[in-house]
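Here are a few quick notes from my read-through of the helices. Have the model open while you go through them.

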Amino acid sequence: MILALFIVYHILDLTVGVANPNGVHLAVYDNVVASFQRWYVVLFYAAAVIALGFHLRHGLWSALQSLGASSAARQKAIQTFSLGFAFVITAGFLSVPFAVITGLVG
């Protein structure tokens, strides 16, 4: 439910521009920069993306177990793969707001 609310906010803020004080409909780049220049939006976004990372790690690990890919010998490899995958996705999504707030993008 939390991720669903985050997705709705994400679309309203960055795509539609309704939740963004400087928002322009479909001006995604401008909306991203305007939104992520505010520290509290970056903090909220980072918390939501980290929650997404935990969700992805658990979901991928659980899916691989449910599909029968897990065994005693492969358990550590599956856990490492799931963690690595979730970390890459999380880091990628976090790179955008931190690039804006630090002035690398603007």
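1. Starting with burial in α3: Val41, Val42, Tyr45, Ala46, Ala48, Val49 and Gly53 are its buried residues (buried means under 20% relative accessible area with a 1.4 Å probe, protein chains only). The cover over them includes α1 (2–16), α2 (28–36) and α4 (75–101); helices here are DSSP runs of H or I, at least four residues, numbered from the N terminus.

2. Before going on, the ground rules. This is a predicted model, so local features need pLDDT of at least 70 and side-chain atom pairs 80 or more, while totals for chains, interfaces and linings use all residues. Numbering runs from 1 along each chain as its sequence is written, and side-chain values use heavy atoms, leaving out hydrogens and water.

3. The length of α3 checks out: its 28 residues (39–66) should span 40 Å at 1.5 Å a residue, and the end C-alpha atoms are 40 Å apart, which agrees. The expected span is 1.5 Å times one less than the number of residues. Just after α3, glycine 68 has a positive phi of about 85 degrees.

4. Now α3 against α4: their axes lie 9 Å apart, at an angle of about 160 degrees (axes are lines fitted to C-alpha atoms over the stretch in contact, with angles from 0 to 180 degrees between N-to-C directions). That makes the pair roughly antiparallel, the term for angles over 145 degrees.

5. Last, α1 and α2: the axes come within 7 Å and cross at roughly 115 degrees. Residues in contact (heavy atoms within 4.5 Å) include Tyr9 and Leu14 of α1 and Val32 and Phe36 of α2.

Methods. Helices (H or I, at least four residues) and strands (E, at least two) are DSSP runs, numbered from the N terminus. Buried means under 20% relative accessible area, exposed over 50%, partly exposed in between (1.4 Å probe, protein chains only). Angles under 35 degrees count as roughly parallel, over 145 as roughly antiparallel, 65 to 115 as roughly perpendicular and the rest as oblique.
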